[in-house]
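I opened a new structure today and kept notes as I went. The entries run from the whole chain down to single residues.

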Amino acid sequence: MRRLLTSPPLSLAVLLLWLLLVADFSPGQLAIGVILALLLPWLAGLLEPERAAFGRTIALLALTRRVLWDMILSNIEVARRILGPERALTPGFVWIPLDLTSIHGITALASIITLTPGTVSAELSEDRRFLLVHCFNLKDADVQIAEIKTRYESLLMEIFP
């Protein structure tokens, strides 16, 4: 049964999404939905060779609180900068050296950076050791790197060992 139903939540989501998309709850559409619900998670599992391993999940609470607080502060800072003189802005790119090795941790870091106003993740190096980040107002690249590594990456390394 485990081999047939590789991810019950994903299978259920696929089935429900199929039925909602076709807006037809006939036995034929239900059968197609069940086939898709079994086949698609299995195929997705073949494409994802790395499974997420979780370490200290309590760090997730600290990270969530930190990200939400930083999003509030960043929104205020970006609004202040936009309303101020344009010459005061110093946009730029910076390569962040990564200590994270888990692709799931790197993905979470890139998402956090992009969700925080004023920064956007732009590229991950092929060897997954550097993340290119665009900063709306980059004054000191070393300070920006240190801030991302201490505020986010350190907690993500506890969550994704």
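My entries on this structure follow.

**Ground rules.** I am working with a predicted model, where local features need pLDDT of at least 70, side-chain atom pairs count only at pLDDT 80 or more, and totals for chains, interfaces and linings use all residues. Residues are numbered from 1 along each chain as its sequence is written, and side-chain values use heavy atoms, with hydrogens and water left out.

**Fold.** I looked up the secondary structure first. The protein chain has five helices and three strands. Helices here are DSSP runs of H or I with at least four residues, strands are runs of E with at least two, and both are numbered from the N terminus. Along the sequence I read α-α-α-β-α-β-β-α.

**Overall shape.** I checked the radius of gyration, taken over C-alpha atoms. The protein chain has 21 Å, while a compact globule of 161 residues would have a value near 15 Å. That globule rule is 2.2 Å times the number of residues to the power 0.38. The C-alpha atoms fill a box of roughly 65 × 35 × 30 Å along the principal axes.

I then looked at contacts, meaning heavy atoms within 4.5 Å. Of those with a separation of 6 or more, 72% join residues 24 or more positions apart.

**Core.** Which residues touch the most other members of the largest nonpolar core? I noted Leu 63, Ile 96, Leu 109, Leu 131 and Leu 156, out of 23 residues. Such a core is a set of buried Ala, Val, Leu, Ile, Met, Phe, Trp, Tyr and Cys residues joined through side-chain atoms within 4.5 Å. At least two residues of this core come from each of α3 (58–83), β1 (92–97), α4 (103–115), β3 (130–135) and α5 (141–159). The largest share, six residues, is from α5.

**Leu 63.** I zoomed in on Leu 63, which sits in helix α3. Is Leu 63 buried or exposed? Leu 63 is buried, because its relative accessible area is 5%. Neighbours within four places in sequence aside, Leu 63 contacts Ile 112, Arg 151, Tyr 152, Leu 155, Leu 156 and Ile 159. I also took one distance: Leu 63 and Leu 138 are 75 residues apart in sequence and 23 Å apart in space, C-alpha to C-alpha.

**Leu 156.** Not counting residues up to four places away in sequence, Leu 156 touches Leu 63, Leu 100, Gly 105, Ala 108, Leu 109 and Ile 112.

Methods. Buried < 20%, exposed > 50% of the residue type's maximum accessible area, 1.4 Å probe, protein only.
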